[in-house]
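I opened this entry to keep a record of what I looked up in the structure, chain by chain and then across the chains.

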Amino acid sequence: MSFSLELEKPSVIMRKLLASTHKELLLLTRDLGGLAVLFLMPLALVIVITLIQDGTFKTIKQHKIPILVVDGDGEEVSQSILETLKESDMFALSLKSSEAEAEALVQNGTYPLAIIIPENLTKDLNSKVNENVAGILAKFGLGEDIPYSEKTNRTVKEVRLYFDPATQFSFRNSIKSGIGQMVAKIETQSIYTAFQEEVSDNPTEKIFDTEPFIDFKEIIPSSGKSATLPNSTQHNIPAWTLFAIFFIILPLSINMVKEKNQGTFIRLRTNPVSYTTVLGGKTVVFLAVALVQFALMLLIGMYLFPLLGLPQLDVSGRLPLLFVVAFFAGLAAVGLGLLLGTVAKSQEQSAPFGATFVVILAAIGGVWVPVFAMPRFMQALSNLSPMNWGLNAFYDVFLRNVGFLEIVPEIGLLSAFFIATALMAKVYYERKNAV
Amino acid sequence: MIQINNLSKKYKGSDFYSVRDLSLNISEGEIFGLLGPNGAGKTTLISMLCALLKPSSGDFEIDGLNYSENENALKQRIGTVPQEYALYPSLTAYENLMYFGSMYGLPQKALKKNIQEHLDHLGLADFAGKKVKTFSGGMKRRVNLIAGILHGPKVLFLDEPTVGVDVQSRNAILAHLKQLNQDGTTIIYTSHHLNEAEAFCTRVAIIDHGRIVCQGIPKELIAQEKNALNLEDVFLSRTGKALRDYA
């Protein structure tokens, strides 16, 4: 049973690395439940999130938001408000006669919003506009101004909005903004009408063009290349795929902690094998897992999403670059997992920390809230999140249609992150286990 | 083969030394038993010799090498059989052995041949393809042993290699170790089975409170000790009958 031992040649190191990789692969495939969770949960995540986000707009269009209206005015202006609300196709209106009743229904969450139109809104608005118009025309010698003493002393009319306390800030803001625009438009229309009545005897004669002169148009910059119209799929697949890729730090760190607990790590420490080789085997396998995860995500986006009524993922001409980004994002995630697995002493340490840390990285990386919408300090912090680098690279490829050179900065950062975390793991291990 | 000079180990936060100023020489070809009550320092001593723990002070050499200068070369020369079953439960015995054997850089062909021979000798050939988690304690101990000797080490450290196994497995393990010793492997082992140590070891050292309280050939130690009929009598006489509980 004797044989000569070889020196540590590259071929021997490679043999050890291959053996480590094979062992990791066996361990992974022997845990079929774990493997299923590893691949299916990220898919479930991206499907659910995309369905929810894509459905938000459809829900508004198809199901409409139920709102209450208390029409204290009952005349022209309130009719105009009600017409505009109906035309927006976003709301299902229910009329109530009492403000207190409407307030109670909003307070208990039955309705998200109640709009209270004040009494005499039409009368007072017309009166105010007429006085102002008469005053202006008098300045041009076209009539008599109403003496100041005869002008009505009016208080500002309030259209009151009751919001369910549970509604989100962004919803409240967009409703307030919409109502504000609507009221401004009605006021402007009233002014035009008052002028029309004063300067023309024929009420059907059209003196003013009351249609808006300034409009806006949304254009996707394309830099001369074919433009990609962003949709929920193009946004969600990169963001949530990255999230799923980084979640690999959990099974990886648990795998390493398990080795410590079951004694195999003790044996490895007595073997003539470097920690780099041990980590190398894990890196190869878990990076492969990340890439398979990514491929599955793409397949889901391309073939399953259309069947679910979601926009199809468009990867045409971008596939190689997408895999380049996924490769480096996977490396960064694996590096983090290696560091966590090296430092953690128990699964109770590694699992909650890993899960929470990934969520934090995702949050500051802009997976949930765009970076530009964050406070200045968080924007600066987001530059340190590898998920931010990965997300930018994915958006560059998916939505900005860039080439390889444009993503070099991001993939460079992801590579540096892998090298830094893997080095930290090695240094920590060697300091901890120096003999 | 092994020269230990004034070796000490004090764990962080501990008030006492687990191993204190211990010196010992073990010659090539010996089967040397480290005996002692719980907490005496046996496992700590073996852990330092196997590169698992850093000594607080003192030094040692194995086959003329030390870890600070020749870590990999020294690790190639030693084999370790830890007290725990240091095996992957979801891998088969063969897969475990292939992996740990590969970590010594052994060529595949030689490794496969070696695994087969050891499995045959220890009665595990028919179970090579079974997952370790389905094995009995005795079978796991035998696979654990093979994983430490696949590369033909010059020095083999065993930390209680027969604990918790039936008589048959113990006999198989000890017979295999004897054979290895006859083939030239120096063996250092710890055990609480004093009868086993008496029959198996060429020399023993009884350790207590981190120090060697006596060492020598088992028969000579028994003869030197007043009213001692066996090694257990020597052990109790030297270490006392007080319970050794540690927390």
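Predicted model: local features only at pLDDT ≥ 70, side-chain atom pairs only at ≥ 80, totals over all residues.

**Confidence and conventions**

I number residues from 1 along each chain as its sequence is written, with chains lettered from A and ligands numbered from 1 in the order in which they are written. For the complex, the predictor gives a pTM of 0.79 and an ipTM of 0.87.

**Chain B as a whole**

I noted 9 helices and 9 strands in chain B, taking these as DSSP runs numbered from the N terminus (H or I over at least four residues for helices, E over at least two for strands). Its C-alpha atoms fill a box of roughly 50 × 40 × 35 Å along the principal axes. The radius of gyration, taken over C-alpha atoms, is 18 Å for chain B, which agrees with the value near 18 Å for a compact globule of 247 residues; the globule rule is 2.2 Å times the number of residues to the power 0.38.

I then looked up burial, where 47% of the 247 residues in chain B are buried; with C-beta atoms placed from the backbone, a residue is buried if 20 or more other C-beta atoms lie within 10 Å of its own, exposed if 12 or fewer, and partly exposed in between. Of the contacts in chain B with a separation of 6 or more, 70% join residues 24 or more positions apart, a contact being two such C-beta atoms within 7 Å.

Most residues other than glycine have a negative phi. Asp21(B), in strand β2 (residues 19–26), has a positive phi near 50°, and I count Asp21(B) as partly exposed because it has 14 C-beta neighbours inside 10 Å. Asp63(B), in the loop between β4 (57–62) and α2 of chain B, has a positive phi of about 55°, and it is partly exposed, with 16 other C-beta atoms within 10 Å.

**Between the chains**

Which elements of chain B give two or more residues to the side that touches chain A? I found α2 (67–77), α3 (93–102) and α4 (108–121) of chain B, on a side where 31 residues of chain B are in contact with 28 residues of chain A.

**Nonpolar cores**

A nonpolar core here is a set of buried Ala, Val, Leu, Ile, Met, Phe, Trp, Tyr and Cys residues joined through C-beta atoms within 7 Å. The largest has 143 residues, of which Phe246(A), Ile248(A) and Val325(A) touch the most other members, and helix α11 (residues 319–343) of chain A gives the most to this core, with 14 residues. Leaving aside neighbours within four places in sequence, I listed Ala333(A), Val358(A), Leu361(A) and Met387(A) as the contacts of Phe246(A). A second, separate core of 18 residues includes Val70(A), Ile81(A), Leu121(A) and Ile175(A).
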